[in-house]
Amino acid sequence: MQDRDALARARQGAILLVLGSSATFTVAAAVVKALGGEIPLAQLILFRNLFALPVLLLLLLREGGLKLLVPREPHWHAARIVCGLMGMIGAFVGYTHLPLATATVLGFTMPLFLTALSVVLLRERVGWRRWSAVAVGFLGVLLVARPWSGGAGLPLWPVLVLLVGSLAWALAMMSIRRLGERGEHGVTIVLWFAIGCSVLAGIATIPVWVDPTP
């Protein structure tokens with residue numbers, strides 16, 4: 001009984017955390033949209049990850065100390081960084097060049113890609129009901145993007161970049177799944193992602209740096 005109660009509390013906490021993270025992602029998307037391309041993409045990604053490092057380092061010290069910095073699966077961390085960075089690029093391009101509501105709807109393709117990839121890469125079983133939902137979801141994406149409408153529709157290149165980014169996010173989620181299965185701590189996963197993205201975005205920012213106004 002106690003185990004069941006503890007599991008129920010853990011699930012409630014997880015739901016609240018997911019809702020909270022969704023709210024913060026919404027704020028971040030609105031800020032990226034408000035900047036309107038005035039700050040280079042690489043610089044946005046640099047600050048997005050750089051400012052997260054102090055908080056993550058505090059969590060690291062609380063959860064187990066510097067020993068958590070030692071990754072168990074470096075190659076999966078590398079896959080997570082590369083795929084996650086591509087996903088972030090796709091999302092930020094969509095937020096900048098598409099209506100925010102449209103970019104959000106197109107971003108919902110990530111779980112659709114994740115469902116399809118889980119069959120190919122994780123050998124999970126997906127029933128016909130879920131495949132039907134995936135098919136309907138992609139039809140919805142076509143209705144939003146309207147590639148057949150020519151100039152009257154959405155600009156094609158940001159739509160394609162966003163969709164590739166959603167696919168990359170799905171691969172990043174699978175990398176996180178693998179890391180979790182191998183016992184990697186959640187703080188370690190997020191911290192190495194922030195470090196990797198800060199380094200790569202920092203290098204890309206050097207030739208395009210813009211001094212931010214107050």
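Trainee: Which residues form one aromatic cluster?

Mentor: In this predicted model, the aromatic cluster is formed by F47, F51 and W209.

Trainee: What makes the pair of F47 and W209 edge-to-face?

Mentor: The ring centres of F47 and W209 are 5.8 Å apart, which is within the 6.5 Å needed for a pair, and their planes stand at 75°; because an angle over 60 degrees counts as edge-to-face, the pair of F47 and W209 is given that name.

Trainee: Why is this pair said to tie together separate parts of the sequence?

Mentor: F47 belongs to helix α2 (residues 41-50), whereas W209 lies in the segment after α9, so the pair links parts that are 162 residues apart in sequence.

Trainee: How do you know that F47 is partly exposed?

Mentor: The relative accessible area of F47 is 23%, and since buried means under 20% and exposed over 50%, F47 falls in between and is partly exposed. W209, with 42% relative accessibility, is partly exposed as well.

Trainee: Why is the pair of F92 and Y95 called tilted?

Mentor: The planes of F92 and Y95 are 40° apart, and because stacked requires under 30 degrees and edge-to-face over 60, the pair counts as tilted.

Trainee: What makes α3 roughly antiparallel to α9?

Mentor: Helix α3 (residues 53-63) and helix α9 (residues 186-205) pack at an angle of about 150°, and because angles over 145 degrees count as roughly antiparallel, α3 is described in that way relative to α9.

Methods
Residues numbered from 1 in each chain as written. Predicted model: local features only at pLDDT ≥ 70, side-chain atom pairs only at ≥ 80, totals over all residues. Heavy atoms only, no water. Axes fitted to C-alpha atoms, helices over the stretch in contact; angles between N-to-C directions. Helix = DSSP H or I, 4+ residues; strand = E, 2+ residues; numbered from the N terminus. Parallel < 35°, antiparallel > 145°, perpendicular 65-115°, else oblique. Phe/Tyr/Trp six-rings, centres within 6.5 Å; stacked < 30°, edge-to-face > 60°. Buried < 20%, exposed > 50% of the residue type's maximum accessible area, 1.4 Å probe, protein only.
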